[in-house]
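Dear colleague,

Please find below the structure that I would like to hand over to you.

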Amino acid sequence: MSSTEPVFQTDRSALARRLKTILPPHCLLIDEEDLRPYECDGLTAYRELPMAVCLPETEGQVIDVLRNCHQLGVPVVARGAGTGLSGGAMPHAQGVVLSLARFNKILRVDREARLAVVQPGVRNLAVSEAAAPFGLYYAPDPSSQIACTLGGNVAENSGGVHCLKYGLTVHNVLRIRVISIEGEVFEIGSEAPDAAGYDLLALLIGSEGMLGVVTEVTVKLVPKPELAQVVMASFDDVAKAGDAVAAIIAAGIIPAGLEMMDKPATAAVEPFVKAGYDLNAEAILLCESDGTPEEVAEEIARVTEVLNAAGASEIRVSQSEAERLRFWAGRKAAFPAVGRITPDYYCMDGTIPRKRLAEMLSAIAGMEIKYGLRCANVFHAGDGNLHPLIMYDASQPGNWERAEAFGAEILELSVALGGSITGEHGVGIEKINQMCSQYATPELEAFHRIKAAFDESGLLNPGKAVPSLHRCAEYGRMHVHHGDVKFPELERF
Amino acid sequence: MTLDKIVLAVRSAHASHTPLRIRGAGSKDFYGGLLAGDLLDVSGYRGITAYEPTELYMTARCGTPLSEIEAVLAEKGQMLAFEPPQFSGATAGGCVAAGLSGPRRQQAGAVRDFVLGVKLVDGSGQVLKFGGQVMKNVAGYDVSRLIAGSLGTLGVIAEVTLKVLPKPVAEQTLVFALDQTEALKKLNHWGGQPLPISASFWHQGQLWLRLSGAGAAVEAACRKLGGTSAVNSDQHWHSVREQAHPAFASDVLWRLALPSTAPCPGLDGLRAIEWGGALRWYAGEQAAIRGAAARLGGHAVLYRAPESLRCLEGAFAPLSPALLALHRRLKKAFDPKGILNPGRLYAEF
Ligand SMILES: Cc1cc2nc3c(=O)[nH]c(=O)nc-3n(C[C@H](O)[C@H](O)[C@H](O)COP(=O)(O)OP(=O)(O)OC[C@H]3O[C@@H](n4cnc5c(N)ncnc54)[C@H](O)[C@@H]3O)c2cc1C
Ligand SMILES: Cc1cc2nc3c(=O)[nH]c(=O)nc-3n(C[C@H](O)[C@H](O)[C@H](O)COP(=O)(O)OP(=O)(O)OC[C@H]3O[C@@H](n4cnc5c(N)ncnc54)[C@H](O)[C@@H]3O)c2cc1C
């Protein structure tokens, strides 16, 4: 079982012939120039051309594509908007990309029941827009929400600024329709608060397109808070800012958003968005409160008190909705802003226990020197999810390799500090080696058994998310239990 | 008790194909399929191993009583937001395995929403660690949450990490005189508004509504909603949480999880409505109840019943053939010989 990487040999013309029998011409791309736009997702450092891109328009066509690929032994990579940052939607050279982009209809918004039924290609923000007339919205709000799709969100268990208080995708999805590689349809979850049997919804959300293809999603909508206000605090020391975050939680406050940016990050975004950030601060914290006007006033007063006691050097409270949005604009635009000051950047996504923040940031400062690359840090401070942005120049020889090694070291330190190699972007192809650091052989074997329970043939998104044991052995991260080595025949280095 | 003891017990059961019945405090012996197999009592594996109030998590060994956990949390003004009952010594492992949540579920979420990580002894006696102690972790499949509600059929939960939350600053309970139809209508209407409703309970023409949050917000909501302010409200919610309220007193009790807007099925015996309308309790033998719940988009659990009826009806709503096959394959992935709590969830595995 999955001890080695599977090998696929696809007959391109046989595949094309077969796909032409099940899809109309406008739903099938097979010429190289048409395939090019699909060669990577948001992680552009890894590229691969698929043999074909299928753009089905009906669920029946999705089922046909999957069934036929299953019969022919052809790998399938599902794709939403391609904004993923871990290469999860990167094509397989021997396979097809199954784009759900045309499944972009909102099927139903039920005001009374506070839910929406949508197709997987619907953009995240479109759900909230459709719910707005009813005073409702969809809480998970990844920064990519204008572009990313609900199908991708489900596959990645995406989070956003609001997830400290309102949860991740897994906390906000009620039901999904999933098609297996064999073309079988599963209804998982329901509009009721729970369903009979195992909680397969929890297992499928975040499974990175490895277990099935999502064709419909029912999401929970929540009442829009009457008011939101944000406090912006400056600190002359990042450790102090980290302690301030702990102090807010210790005071019994769960803010609607709690984000932090370090000096290089504010320096990068300020000229771009003119948010009025304090450029002298070593770190700034953005702390949002939402709810009824009474609730917000009470919480803002308490937060301000805590931040003052924690040694904030400056505190500003947004006085209007326009100002609140301006305070956030910089944080929301941090990635593109960094993109303007460096030819390329590599966005990492590790989670650490918050109390280890200062330790992590000083280690990153050391790595900047070690690898000769700069790094700006923005992160979801409330839940310890860091997004170091490593700046590099792909046109310089060796630059990408250094950035990659820099990123790998951050992830491995995240694990060593008690955290995870990914908080929200997924493992994909990018962090597949670091999975060998986070998990030992027995867990990886369990993951492969789960995969086999859904997709015995291993055709859905092969080579992603869960490394083969062979790969971990090669990466030198094979864990040895009770002295017995798993692959004695393999060389170790 | 040590982890090694649990591991050894499972390994030897695995070697000899002996079914095991895992037991915490046994407060749930009445729940699910009939008990089978040699007793594996894990109540002795106990103790809180980590608690970080500012990181919002707590890690405890499976046998730790919930009462101990809640007492430690209370010292820091925190709580298990899904409000599991402490009924007769319920344990952390049993609480997660049973996957049932209390009154605050409608606002805060269910057990599974608070599981951050588990240490599991699978059916072949391997110790597996999934998830962790951080809020966000999407590395690998989310096995920790899958374990919630799996009734010990996928592994012995040796240790579990739960997300904890601060207790609300203020709480108030309002009471309204409403029949079941009006109550459901009101609950769904209020649910769509930004009101700090943290629990609801309808019984015999009375709707109890709990508001939790910042002091000013709770007061403002009380003014807006009307109703009468309840006395002894803590006692009331405690009796609901522990199912000591008379509404739950019946030899045969059905738990229906439904879309909150579903009308009341045309059945007698409605005892209580919780969770903003989404959880409804019925008493008495009811041949038509499973079909009615399914038609309304939910499912019915035979929550408490004499053995004969549980054998006849099964505790849980039957799965479609495709889902049942998938469940069997998953069960096999964790417990290849089917020795852990066989039949406790479904007779088929
Ligand atoms: C600027 C920027 C900011 C971002 N900010 C955030 C953030 O704040 N939080 C966050 O969590 N992420 C963030 N992301 C990452 C990304 O947007 C999310 O992971 C998103 O959920 C991906 O959605 P997508 O539709 O683009 O999916 P894709 O990239 O197309 O696919 C992602 C994965 O999902 C699978 N998949 C897609 N559709 C389906 C389906 N229907 N069925 C089964 N599997 C499917 C794919 O195979 C792939 O493995 C950001 C990305 C960018 C570029
Ligand atoms: C009258 C009454 C009312 C109740 N009301 C509620 C209620 O309102 N809400 C609610 O949520 N719960 C309720 N419960 C259920 C119960 O109190 C809790 O679910 C409790 O947490 C079960 O814990 P336990 O340790 O007693 O579990 P047990 O009864 O010992 O076990 C429950 C299940 O979990 C399995 N199990 C136990 N420990 C482990 C482990 N370490 N690893 C794997 N599997 C394990 C067992 O095999 C069994 O399948 C009620 C119980 C009673 C008797």
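I begin with one residue of chain A. Apart from its neighbours within four places in sequence, A:I181 makes contact with A:L66, A:R67, A:H70, A:V76, A:D455, A:S457, A:L459 and A:L460. Please note that this is a predicted model. A:I181 is located in the loop between β8 (173-179) and β9 (185-189) of chain A. Its relative accessible area is 0%, and a residue counts as buried under 20%, so A:I181 is buried. Between A:I181 and A:E259 there are 78 residues in sequence and, from C-alpha to C-alpha, 40 Å in space.

I turn next to the aromatic residues. Over all chains, the structure holds 21 aromatic pairs. One of them is formed by A:F447 and B:F130, whose ring centres are 5.5 Å apart and whose planes stand at 55°. Planes over 60 degrees apart would count as edge-to-face and planes under 30 degrees apart as stacked, so this pair is tilted. A:F447 belongs to helix α16 (residues 441-454) of chain A, whereas B:F130 belongs to strand β7 (residues 127-131) of chain B; the pair therefore joins two chains. Both A:F447 and B:F130 are buried.

A further tilted pair consists of B:F176 and B:W190, with 5.1 Å from centre to centre and 45° between the planes. Because B:F176 lies in strand β10 (residues 170-177) of chain B and B:W190 in helix α6 (residues 180-191) of chain B, this pair ties together parts that are 14 residues apart in sequence. B:F176 and B:W190 are both buried.

One aromatic cluster is made up of A:Y198, B:F30, B:Y31, B:F201, B:F248, B:W281, B:Y303, B:F316, B:Y346 and B:F349.

Two arginines of chain B are placed over rings. B:R105 lies over the face of B:W275, 5.3 Å from the ring centre, and B:R210 lies over the face of B:W237, at 5.3 Å from the ring centre.

Finally, there is a helix contact in chain A. How do the axes of helix α9 (residues 263-273) and helix α12 (residues 334-341) of chain A cross, and at what angle? They come within 8 Å and cross at roughly 95°, which makes α9(A) roughly perpendicular to α12(A). The contact involves A:A268, A:V269 and A:F272 of α9(A), together with A:A334, A:P336, A:A337, A:V338, A:R340 and A:I341 of α12(A). By class, the contact of α9(A) with α12(A) comprises eight nonpolar residues, no polar residues and one charged residue.

With kind regards

Conventions. Residues are numbered from 1 along each chain as its sequence is written. Chains are lettered from A and ligands numbered from 1 in the order in which they are written. This is a predicted model: local features need pLDDT of at least 70, side-chain atom pairs count only at pLDDT 80 or more; totals for chains, interfaces and linings use all residues. Side-chain values use heavy atoms; hydrogens and water are left out. Rings of Phe, Tyr and Trp (its six-membered ring) pair if their centres lie within 6.5 Å; planes under 30 degrees apart count as stacked, over 60 as edge-to-face and the rest as tilted. Helices (H or I, at least four residues) and strands (E, at least two) are DSSP runs, numbered from the N terminus. Buried means under 20% relative accessible area, exposed over 50%, partly exposed in between (1.4 Å probe, protein chains only). A charge sits over a ring if NZ of Lys or CZ of Arg is within 6 Å of the ring centre and within 35 degrees of the ring normal. Axes are lines fitted to C-alpha atoms, for helices over the stretch in contact, and angles run from 0 to 180 degrees between N-to-C directions. Angles under 35 degrees count as roughly parallel, over 145 as roughly antiparallel, 65 to 115 as roughly perpendicular and the rest as oblique. Contact means heavy atoms within 4.5 Å. Ala, Val, Leu, Ile, Met, Phe, Trp, Tyr, Cys and Pro count as nonpolar, Asp, Glu, Lys and Arg as charged, and the others, Gly among them, as polar.
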